Amino acid sequence: MKIYDALIIGAGQAGVPLAKKLAQSGKKTLLIEKRILGGTCVNDGCTPTKTLIASGRIAYLARHSKEWGVNKDSVSIDMPFIKRRKDSIILGSRQGLEKGVEDTEELDLLYGEAVFTGFKTVTVQGRDGKSQEIKAEYIFINTGAAPVIPEIEGLSTIHYFTSTSILDLEQVPEHLLIVGAGYISLEFAQLYRRLGSKVTILERSNTFFVKEDEDVATELRKILEEEGIQIELNAEVSQVKPSGEGKILATLKIGSQSNEIVCSHLLLASGRKPQSGNLSLDKTGVNTDEKGYIEVNDRLETNVSGIYALGDVKGGPAFTHISYNDYVIVSKNLLDDANLTTRDRLIPYCIFTDPQLGRVGLSEKQAREKGYDIKVAKLPMEHVARARETGETRGFMKAVVDEKTKQILGAAIIGVDGGEIVSVLQVAMMGKLTYEQIRDGVFAHPTFSESLNNLFMSLD
């Protein structure tokens, strides 16, 4: 049996920096990864999807270039090239991580699958087929989440895609049918629509984007439908089967009506589940909830002292930046005697549709449910000088403020670089600035952020 001071299972956005930090502090550390370094973000999520989305945006601008007085006769899509570009960027990021791990003293890297076989003890089945038993005082679980495969009759008879496997497509789908209407679905829908696909989205709920305020969801849906994406609510696939020429015949239930649709590709994007089931957590006494998420306290420690869970496997907001912040909390608490917690953690996020939806803090609906006395500021992007000048006026700015303290409770920005604009308000919230200080502040002209002045002037 090998004994380490610290053991990290999973080399995602929390696992890699935590392993390096612990090793640099003098702890003998082992990082175990069953696949490749970087986790979902680098390999299957942020890096590849945003790289592909960039190609989709260029295709969209090229097709609409006459709106800016630039005439172009035709646009063609080189999907193999787009994929190679994506793969190259992923590889560069992964190689950077690998070099960082290799150059860190006191840090060992082992490729294989870890399973708990005793208290704070794991057995790792390596790629070479050999098994090793390892014990550590501190264990950190960063195994992430994986796509959920819904139960659909006939699914085993066809070829379908998940948000991971669709990244390897070297052709533009003729008709992409997407099951689910979450963040991942909307980004892929717009991407492939812009590359030339017909796209249909099916959402089981009778409400589009239920987590957002109604005006935000309505605006985003309008933008997507204007680009030709078909969105069906209260809809699900009841059966699929092969059709001629490699196509798929899907039987849909939309409300009380049944319908059939022929598509070329089927993307299942109906949620993700924690990758905890194969860890045999019961052998070390770690508790999970009914969905398999590892239960942790506000310092990210499980019910077993010395065992922590970070990132998507513990539940909560499934964002890369949350996983990284989990690392910050754990490392500073353990190594710097800090007292950081996840309580009241301000959580920003961005949906990389075009225009983006940047969000932070409470929505209007959430603020009212919590009993705040609020004022709501709203400014259409068509009233933003920078948006008019660039010719991209879809969307709006919206902020919710506490009428008593005048502090910003939350914001939603649908617009070009909405994620960057909302970050300005996030920093204001972190610094507890009032909306009046933003309203009266000096911003460079002409920028999108400058229009935050005008946004809050609407409250006067």
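Begin by selecting Asp440 in this predicted model: with a relative accessible area of 51%, Asp440 is exposed, because the cut-off for that class is over 50%.

Next select Arg359 and Glu212, which form a salt bridge whose closest N and O atoms are 2.7 Å apart. This pair links distant parts of the chain, since Arg359 lies in strand β17 (residues 356–361) and Glu212 in the loop between β8 and α6, 147 residues apart. Both Arg359 and Glu212 are buried. To see a network of salt bridges, select Arg57, Arg194, Glu227, Asp354, Glu392 and Arg394, which are linked in this way; the search of the whole structure finds 31 salt bridges.

Now move to helix α3 (residues 46–63), whose 18 residues should span 26 Å at 1.5 Å a residue, and whose end C-alpha atoms are 26 Å apart, in agreement. Among the buried residues of α3 are Leu52, Ile53 and Tyr60, and what covers the buried residues of this helix includes α2 (39–43), α4 (79–102) and α5 (183–195).

Finally, select Tyr192, Ile201 and Phe208, which touch the most other members of the largest nonpolar core, a set of 37 residues. Helix α5 gives the most to this core, with six residues. Around Tyr192, leaving aside its neighbours within four places in sequence, look for contacts with Met79, Ile166, Leu169, Pro173, Leu176, Ser197 and Val199. Apart from this core lies another, of 25 residues, among them Val384, Ile408, Ile413 and Ile438.

Terms used:
Residues are numbered from 1 along each chain as its sequence is written. This is a predicted model: local features need pLDDT of at least 70, side-chain atom pairs count only at pLDDT 80 or more; totals for chains, interfaces and linings use all residues. Side-chain values use heavy atoms; hydrogens and water are left out. Helices (H or I, at least four residues) and strands (E, at least two) are DSSP runs, numbered from the N terminus. The expected span of a helix is 1.5 Å times one less than its number of residues. Buried means under 20% relative accessible area, exposed over 50%, partly exposed in between (1.4 Å probe, protein chains only). Contact means heavy atoms within 4.5 Å. A nonpolar core is a set of buried Ala, Val, Leu, Ile, Met, Phe, Trp, Tyr and Cys residues joined through side-chain atoms within 4.5 Å. A salt bridge is a side-chain nitrogen of Lys or Arg within 4 Å of a carboxyl oxygen of Asp or Glu.
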